[in-house]
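Visitor: I am new to this structure and would like to learn how to read it step by step. Could you show me where to begin?

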Amino acid sequence: MNMNNSRKWLIDKAEQEDGCLVSVGGFVDALEQTEQTSSNVIPFKHAFVRFVQLARRARKLTLDQFAEKVDVDLVELLKIEKDEQYTPAMRTVHQIAEFLKIPEKRLMVLAGLLRVKDAQFQKAALKFAASSEPVEKLSQEEHAALEEYVKFLCDR
Amino acid sequence: MRAPIQIVKWATKELVEAELFDEVTIEHFLEAQKEWRPVVIAAARQMVQAGANRESIPRHWHWDWSSKEADLRILAFSFFGITVQDKLQGLMKLETVGWSGRIASQKGKPLAYVDYLETAPWNIKLLMQPLGRSPEFRAIGTRLIEAGVRRSLEEGFKGRLALHSLSGSERFYLDVCGMTAVGRDPAKQDLLWCEFTPGQAEKFLNEGAA
């Protein structure tokens, strides 16, 4: 594709475009997005943190062992497990999804990197987050909650 | 396709090396969501706090991820992106099947349809002002529309191109690009159908070029 390389043309167009909006596409109000973010993303993030914690512990891995196996930075893994406000890097979520054999896109939704309109997905995330409490060793219930949620993520 | 292009630095009006590409992946959409959305929301908040009318607040796109990702695999759709030093500055989705002209003289003739076009929020003056910042680059919209017209030419559509403009963007498509305002489309929330005839597209590509 040969693009126009005239300096004059480009400068003229840039001057004319200055201050214009150019958006095309289906839009929603930015404020509504803010409200949706506050109500939807946090429960997902809570489920994401719990999911990573339990998945690691189910494999009897310490944080640094898990970081090494997944090939992610230990500091980032610590942030993921300890700070629910933290948004992980896409690569990190990709690596975790690959290691845990979980569909990447689903995990990205949980991590707050993607948004979906899916009431069932949100309900399942909330249920999982609510049914899992961090303890030293996974209880049968935690194992069951984890396995059920893994199945849900994989079956969709 | 990857093509070196130039865009314009907002503050100094210097030309800046950039890259136009059509190998857009889901990663680009993820990057756009992660990097662009917080800036838009912060600007909207500032505008509200400053007492802006709700209607005057710029709107942000609604991401339907499942359909966007599926779209990436459909040959009839092209996605274009512009980067400067690997940082995404704009995205466009172009459809080349199923659309035809609505201007009387072009009725029934195939055209390229811009389904989606957006620039990064840091290139939008209206969004940067409330944050006390200057925009970074100019001419992202111009370059994306140019790419759309050139793809239309490659497809044999003679530069015919159309889109449904959001109300805030009409000035750009009508006055800057020189498209024809054909009419409001009740099937698309009464958005304005803007269309390039081959002659208008040619004029857009070459007017003032030296």
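**Reading the two chains**

Guide: Chain B exposes about 9000 Å², and carbon and sulfur atoms supply 49% of that area. Please keep in mind that this is a predicted model.

Visitor: How many helices and strands does chain B have, and what share of its residues is buried?

Guide: The secondary structure of chain B comes to six helices and 10 strands, and of its 210 residues, 54% are buried. Among its contacts with a separation of 6 or more, 60% are between residues 24 or more positions apart.

Visitor: Which residues of the largest nonpolar core touch the most other members?

Guide: A nonpolar core is a set of buried nonpolar residues joined through side-chain atoms within 4.5 Å. Here the largest one has 43 residues, and B:Val114, B:Leu117, B:Ile145, B:Leu161, B:Tyr173 and B:Phe196 touch the most other members. Helix H4 of chain B, residues 140–154, gives the most to this core, with five residues. Apart from it lies another core, of 39 residues, among them A:Val52, A:Ala67, A:Val70 and A:Ala125.

Visitor: Which residues are buried in helix H5 of chain A, and how might I read such a list?

Guide: An α-helix has 3.6 residues a turn, so residues three or four places apart point the same way. In H5 of chain A, residues 90–100, the buried ones are A:Met90, A:Thr92, A:Val93, A:Gln95, A:Ile96, A:Ala97 and A:Leu100. Just after this helix, A:Lys101 takes a positive phi of about 60°.

Visitor: Why does A:Gln53 count as buried?

Guide: Buried means under 20% relative accessible area, and A:Gln53 counts as buried because its relative accessibility is 10%. This residue lies in helix H2 of chain A, residues 30–58, and its side chain is joined to that of A:Arg50 by a polar contact of 3.0 Å. The C-alpha atoms of A:Gln53 and A:Glu81 are separated by 6.4 Å, although the two are 28 residues apart along the chain.

Methods: Residues numbered from 1 in each chain as written. Chains lettered and ligands numbered in written order. Predicted model: local features only at pLDDT ≥ 70, side-chain atom pairs only at ≥ 80, totals over all residues. Heavy atoms only, no water. Helix = DSSP H or I, 4+ residues; strand = E, 2+ residues; numbered from the N terminus. Buried < 20%, exposed > 50% of the residue type's maximum accessible area, 1.4 Å probe, protein only. Contact = heavy atoms within 4.5 Å. Areas by Shrake-Rupley, 256 points an atom, 1.4 Å probe, with all protein chains shown as cover. Polar contact = N/O pair within 3.5 Å; in protein donor to acceptor, adjacent residues only side chain to side chain.
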